[in-house]
Amino acid sequence: MKKIFITGGSGTVGSSFIQQNINKYKIYSYSRNEKSQVALKRTFPKVEIILGSVEDEFNLENSIRLVKPDIIIHAAALKHVDSAEKQPIEMVKSNIVGSKNIIEISTKTNVPITIGISTDKACNPNNLYGYSKKIMEKMFIEANNEKNIFCCTRFGNVAGSNGSVIPFWLNCKNQGKPLPLTDENMTRLMLDGKEVSSIIERCIYECEQKSGGFILSKMMKKILLKDLANKISDKIELVGLRPGEELMESLISEEELIFTRVDKDYIFILNRENTDKTTRLKNPLSSSNATKMSDTELINLVEYVRENNTNTMTY
């Protein structure tokens, strides 16, 4: 059984992958959040938990050397746009220095496959969080070599992630408060934990075929946040945009189209131009032009969060 070392493993991305693959791999979750780590262990007793930060190079290297993983999934990051704007030094330490540590230690300890978890905010970034993830993508692609394969996944907002909008709004409704909405025209690309896991699983498969140095994404549907809010409550309060926030988000940019290769629902952003123009993505993909979720899909998304997420931290 192969061993997977997940940084930030007790977060939504890590726990979603663990839920779908707990019997396929021996999984180690590395995170500094003791409360979340203990909760993860109680939910998945087979998972081994290790307390530590990706910023702590000594502890990180020691942990990876002891585990000797076949695969590293690097999901640890400071993820909130407004937190990154207010505390850029902390963001750099976690998202950029932490990613550099993963790359250097993975190479030094000869980990065969290392996968970085990125976000749609890395596409045409205009906030510090997005820039940090764009830098992470570039570093992972640069680090790829024949012996140590590096690649990234890139996807939109994960429904139910810690501090995200659906659990926050559910909490507001439970407390009898109106749902704060930044703008009636705001759109987002959103997916659930099962879809997140499927993208990572496909990424692992491609890497096992000795293919690396790419970013893997997927065709995703968009939500109009006003429609989503209306599925939760009829009390909505407009509060205005936060620092660094955008009305829409891009997943694949115009400049990236020549590097894309489409395989059914999956989109590869290669580290070189794709000379087969018939397999390229034809148009940029964003929450402005993506297929809109139906009312049924929105309701199912809310129910998914209700069933799988008991954490109603603030957005």
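Trainee: Which side chain meets Glu297 in a salt bridge?

Mentor: This is a predicted model: local features need pLDDT of at least 70, side-chain atom pairs count only at pLDDT 80 or more, and totals for chains, interfaces and linings use all residues. Residues are numbered from 1 along each chain as its sequence is written, and side-chain values use heavy atoms, without hydrogens and water. A salt bridge is a side-chain nitrogen of Lys or Arg within 4 Å of a carboxyl oxygen of Asp or Glu. Here the N to O value is 2.6 Å, and the partner of Glu297 is Lys221.

Trainee: Is Arg280 buried or exposed?

Mentor: Buried means under 20% relative accessible area, exposed over 50%, partly exposed in between (1.4 Å probe, protein chains only). Arg280 forms a salt bridge with Glu273. Glu273 has 44% relative accessibility, so Glu273 is partly exposed. Arg280 has 13%, so Arg280 is buried.

Trainee: Which strands stand at the edges of the open sheet of nine strands?

Mentor: Strands (E, at least two residues) and helices (H or I, at least four) are DSSP runs, numbered from the N terminus. Two strands pair if DSSP finds at least two bridges between them. The order is S3-S2-S1-S4-S5-S6-S10-S15-S14, with mixed pairing. Each edge strand has a single partner, so one side is left without a neighbour in the sheet: these are S3 (48-51) and S14 (260-263).

Trainee: In which sense do S4 and S5 pair?

Mentor: S4 covers residues 71-74, and S5 covers residues 113-119. His74 stands opposite Gly116 in S5. Over four bridges, the sense is parallel.
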